[in-house]
Structure formats: structure tokens, C-alpha cells
Amino acid sequence: MPDNLLFAMEATLNGLTAGVMYALVALGFVLIFKASGIFNFAQGVMALFAALTLVGLQSGQVPFAHLINAIFGTRIHHFGWNMPTLLAIPATVLVMIGLAILVERFILKHLVNQEPIILFMATIGLAYLLEGVGDIMWGAEVKALDVGLPKGMSGAVDDLTFGWFGYGFYIDRLELWAAGIAAILVASLTIFSQYTKQGRALRAVADDHQAALSVGISLRFIWVLTWSIAGIVALVAGIMWGSKSGVQFSLSLIALKALPVLILGGFTSIPGAIVGGLIIGVGEKLFDFYMQPIIGGATENWFAYMLALVFLLFRPQGLFGERIIERV
Amino acid sequence: MLDTQSDEGYITADGRKIGGVAMEMRNITLRFGGVVAIKDISFDIRWGEIRAIIGPNGAGKSSMLNVISGFYHPQEGEVIYKGYKRPKMKPYQVARQGIARTFQNIALFEGMSVLDNIMTGRMHHMKANMLQQALWWGRASREEDENREQVEKIIDFLEIQHIRKTPVARLPYGLKKRVELARALAAEPSILLLDEPMAGMNVEEKEDMCRFILDVNDEFGTTTVLIEHDMGVVMDLSDRVVVMDYGKKIGDGTPDEVRGNEDVIRAYLGVSHD
């Protein structure tokens, strides 16, 4: 087999695993958009906040330590214990549920029936607020996140491909794990929404608020539920990205990478978010591989947005989004 | 002459037993800013009866239905339900008290199948908690089966077996109305509210819908409150009729009594010229 083809195959595989990471972030957007028609600009910051909280809890950091020290002249910073990961993750989930309750209580409840653009503005506000709170609560330095996921080159893939082609593919074990976890997450979300009462209520609210009320569904409860689920998805995304490149404030920018994914997959489709993520992941790796000799590197920074622009021209509703039909 | 005011209820001309008062509206006044939609209206709804609310466009009929279902909250007056004054409630709380409704402009979950739509009607009959739901454990799966059985009965009853799995968005108007009725029935409501169940239907669809409303009342004894424009339909279907005009009540009684009421003839049917 020619070397070039092998390299391309490797790039494709790497693209697939990277795409899963994009899809994870996009998934959080889709969930909230479907249930409440809100484009949640804060989704990326939620992933950051979840990761910060997880690290903070794990390392026994005192929340708001700087603030407390500044006011009371104390010098506290750590509780002096480390929380095991298995305890810290459920605790972080609880924090994200608490956040969902606060968001409903102080933002959504007061903006019922407002224009989408107003709700969007509110989530921009939420994004900056949450970023600030995360900063004050846990500090601004880059933190290493380790939840015990394996990292580095996958020896199994290397051996296997070396046996087949005489050339070992380099694939990060962390990304393989991310793919597996994302698959489980999506499968359980699908089962939950298709076959349970609350899942059905979720879809009902996404479809028609009035009708949902008339069959006895509490909108406020469903909003809390959706934001909680989006918070948990954000936590998973935060763990994956945080393990890969450390928990830092630039993590909130991965939300921007989710935008082209959403434009490809459509804002209302969970499979769309997955497929969109994979296409972007593979696309940018292959594009880089083939175009690098011609136009130089760093195409990964802009390829996704260019692809999104092309899609906006020819298929604005995305691959799986609901058809846009203008009725007159 | 029927004694429709008796406390214990009465027997209709076709031999159905009507019970005591299920719900009483007492001096309801509803305002939107300066506009008075409902002005000091009182009437009652009895167990087992088909009660119609009629009136010209803008008379306040839909507003009244929205007061009953908790979508609007009147500034004055009380709603007495099952003998107790109802506190201010959210629409979903009213629904959980056994009051189901349909809408004038069909409000179905368009993206979901007919079956799923009707299943949402059984929402508050399912008691399994979130954890059990999520893990599909304990009562969750048993409940799903039991409720599915109930829903299948209603599907048979309303003769919509053939569209069970069809996404609602693909159905024609008449069938959508029927699915909406099915969803309301799935809740096994104490009181069923129908907002213009026959609006926009052709003659055949209207006849079907009439038959279903009567059958439902006959079979399950469901107390039904309906708003309708088609006078012929109202007079055939209902046991008692409330007539509204400009937010006021101008008539209340059996179809025969209402038909003979001077105010009603003037306001709604128009003055006869022969």
C-alpha cells in the first residue's frame, strides 16, 4: 500500500476521534436548543466551569479562597484533602444540577415568551458571568485534570496496524476513550428520550409549550431537567478536553468550534451533531494533510468555518435539521 | 320540562343520568388591560353532561375555556371544583387535577408519532420516579406497558389504528383533531374541554366528530364542555347551553330554552324577518 494512502487513513482515524470531541460540545447545544429554542452561548463556559469544579473538588481547593482571604485577611487555599474521582464526579454533577436550577430560577423564568434573540443575549450574559464566577471560585491558573483516563499512544492500534500495513498508526488512547464514552452517552440519551415518560415530556415541550401544559407537564421542571442534562454533557466534554490540554479559560472557546458542527448537522438533530462533528474532524485532518504542501499549515484553524459557510450557501438547515418551509 | 336545577341531577330525554354540580363558575370577571373579556359570569357544569358555550366571535368563549383550564386567571370570581374553591393554579396543575382540553388551533406535538402524542396524555398516570425512569427499572417498565394498553383502547375507540405510528405532521386536519381528542381522553379526564372541535371540518368529518363526542360521553360518562360555532351541532349534542355575547352571559338552559330566549335570538341568531 502506498505510504500516502496510509498516512491519509491515519489522518482519517485521528479526525474521527477528534470529531467526537467536537460532537460532544455540539450535543449540549442541540439539547437545549431543542427543548427551549435557546441557542445557549454559555455551553462552552459550562464545560469549562464543570471541569474547573471537578479539579477544584478533586484537589480539595477552597472555593472563593482569594475572595475570602481578601476580605478576612486569612490565608486559606486548600482543605488539605483530596477527593477521590469517583466521588468528585457525582459531586460535580450535583453542582451542575444546582446551576441548572439557578439558571431557570433567575433567567429563564423571567424571560418566558421572549424573542429568541433576547434569550440568546441572556445566555451571552450567563457565559461571562459564569466565566467570572469560575475565576473567582477556583482561580485563573491552568490546572491539570486527571480522572484516570489513559493517555498517550495506543499500543494496541499501533501493533495491529503495523501487523497489517507495516506502518503503525498513532492514535491517542484518550481520544479512543472519549469516542467510547460519547457513544454510551448518546445511546443513553436516545433511550431516555424515546422510551421514558420524562423523555417524552422533554420532546413534548420541545414541540409545543401550550400543548405540553395542557397534558400536565411543568415547563419549569423540564427546563431544569434539560439544563441539567446539558450540564452533564458539558462535564463530559470538559473532562475530555481538560484531560487533553489542561483546564484553562481558553476551554470555553471550544464552543466556537461547535458552531460549524451545528451548521452542518442542524441545530435540532442529535445524530446531526454526531455526524457533523465527525465530518468536521475528518475534514480538517484530511484537508490539512493534502493541502499542507500547497498552502502551508494551520488550516485546522479555519477549515471548519469555511466548510460551514459552504453549507450555509447550499443547505442552510444542515444535514439533518428540519426543512425550512416558508408558508404563505 | 326537565328540572335541570335539581341538586341531585336529572335524567335527560334520552335517558342518560346527569349528576350533581362538578364545577361552578362564580362571578368570573376577566380583563386584559382595559378590555373586559368576561364580565361577571356564573354558571355550573354537572357530572356527566355535555355543556356547550356558544356566542358570536369575540364573545369570550375561548377566554372562558382558558379560565377553566388555568391558562388565564380571572381578576374576580371563583372556580369551585368538586366542592372546593380552586386556588390560583398553573395550567399543568389544573391538568393534573383531571381537566383535559383540546385547542382551537390544534396543539399537537407535530414531530412525534400519533402513539407518542397520545401517550403524553397519560403523563400524570405514570408514577415512577426519575431514577427508575432513567434506569428502566422497578415500576417504570410495567407502567409503560399498562399505560400503553389504555392508549390502545382509546386508539381503537376513535378508529385511528391505521395511523398509530405516523408522525402527526403528516396527518390531514380532520385526523389531527381526532388525535388531539384521543390525547385528551388518554388522561381519563373528569372534565373534558373542547375548543371548537369541529371548526374547519367538512360535513363527513363533523359527523364523525359528533359521534365520537356522544360515544365518549355515553361510554365513559365523561363530563364535556365544548365551544362550537355550528348551531345545528350544538343543539343536537348538548344537554345545556351557556350563551355569551360581548363577555356577558345572555342565556343559560337546555337547547330548547335557549332557542326560545329573546336576547339570544337578537344577539346571536339574528332577528327573524318573516
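**Chain architecture, helix packing and the A–B interface**

The model is a predicted one, and the values reported here are computed from it. Along its principal axes, the C-alpha trace of chain A spans about 65 × 60 × 40 Å, and buried residues make up 45% of the 328 residues in the chain. Among the contacts in chain A between residues at least 6 apart in sequence, 74% join residues at least 24 apart.

The secondary structure of chain B, in turn, comes to 10 helices and 12 strands. A compact globule of 274 residues would have a radius of gyration near 19 Å, and chain B, with 19 Å, agrees with that expectation. The C-alpha trace of chain B spans about 65 × 40 × 40 Å along its principal axes, and 41% of the 274 residues in this chain are buried. Of the contacts in chain B with a separation of 6 or more, 67% are accounted for by residues 24 or more positions apart.

Within chain A, helix 5 (residues 116-138) has 23 residues and reaches 32 Å from its first C-alpha to its last, close to the 33 Å expected at 1.5 Å a residue. The buried residues of helix 5 of chain A are A:Ala122, A:Thr123, A:Leu126, A:Ala127, A:Leu130, A:Gly134 and A:Trp138, and what covers these buried residues includes helix 2 (43-58) and helix 4 (85-106) of chain A. After helix 5 of chain A comes A:Gly139, whose phi is positive, near 90°. A:Ala127, which lies in helix 5 of chain A, has 21 other C-beta atoms within 10 Å and is therefore buried, the criterion being 20 or more such atoms. When its neighbours within four places in sequence are left aside, A:Ala127 is in contact with A:Phe41, A:Ala42 and A:Val45. The C-alpha atoms of A:Ala127 and A:Gly60, which are 67 residues apart along the chain, are separated by 25 Å.

Two helix pairs involving helix 7 (residues 173-195) of chain A were examined for their packing geometry. The axes of helix 7 and helix 8 of chain A come within 5 Å and cross at roughly 80°, and these two helices are therefore roughly perpendicular to each other. Their contact is made by A:Phe192, A:Ser193, A:Gln194 and A:Tyr195 of helix 7 of chain A and by A:Gly199, A:Leu202 and A:Arg203 of helix 8 of chain A; the residues of this contact divide into 3 nonpolar, 3 polar and 1 charged. The axes of helix 7 of chain A and helix 10 (residues 219-245) of chain A come within 11 Å and cross at roughly 175°, which makes helix 7 of chain A roughly antiparallel to helix 10 of chain A. Here A:Leu174, A:Ala178, A:Ile181 and A:Leu185 in helix 7 of chain A meet A:Val233, A:Val236, A:Met240, A:Ser243 and A:Lys244 in helix 10 of chain A, and the residues of the contact divide into 7 nonpolar, 1 polar and 1 charged.

Between the two chains, 18 residues of chain A are in contact with 26 residues of chain B. Helix 8 (197-207) and helix 9 (209-214) of chain A each supply at least two residues of the side of chain A that touches chain B, and the largest share of that side, 7 residues, comes from helix 8 of chain A. The residues on the side of chain A that touches chain B divide into 7 nonpolar, 6 polar and 5 charged.

B:Lys82 lies in the loop between strand 6 (76-81) and strand 7 (84-85) of chain B, and its phi is near 50°, a positive value in a residue other than glycine; with 13 C-beta neighbours inside 10 Å, B:Lys82 counts as partly exposed. B:Glu159 is placed in the loop between helix 5 (139-157) and helix 6 (173-186) of chain B, and the phi of B:Glu159, near 55°, is likewise a positive value in a residue other than glycine. With 12 other C-beta atoms within 10 Å, B:Glu159 is exposed.

Conventions
Residues are numbered from 1 along each chain as its sequence is written. Chains are lettered from A and ligands numbered from 1 in the order in which they are written. This is a predicted model: local features need pLDDT of at least 70, side-chain atom pairs count only at pLDDT 80 or more; totals for chains, interfaces and linings use all residues. Two residues are in contact if their C-beta atoms, placed from the backbone, lie within 7 Å. Helices (H or I, at least four residues) and strands (E, at least two) are DSSP runs, numbered from the N terminus. Ala, Val, Leu, Ile, Met, Phe, Trp, Tyr, Cys and Pro count as nonpolar, Asp, Glu, Lys and Arg as charged, and the others, Gly among them, as polar. The expected span of a helix is 1.5 Å times one less than its number of residues. Axes are lines fitted to C-alpha atoms, for helices over the stretch in contact, and angles run from 0 to 180 degrees between N-to-C directions. Angles under 35 degrees count as roughly parallel, over 145 as roughly antiparallel, 65 to 115 as roughly perpendicular and the rest as oblique. The radius of gyration is taken over C-alpha atoms; the globule rule is 2.2 Å times the number of residues to the power 0.38.
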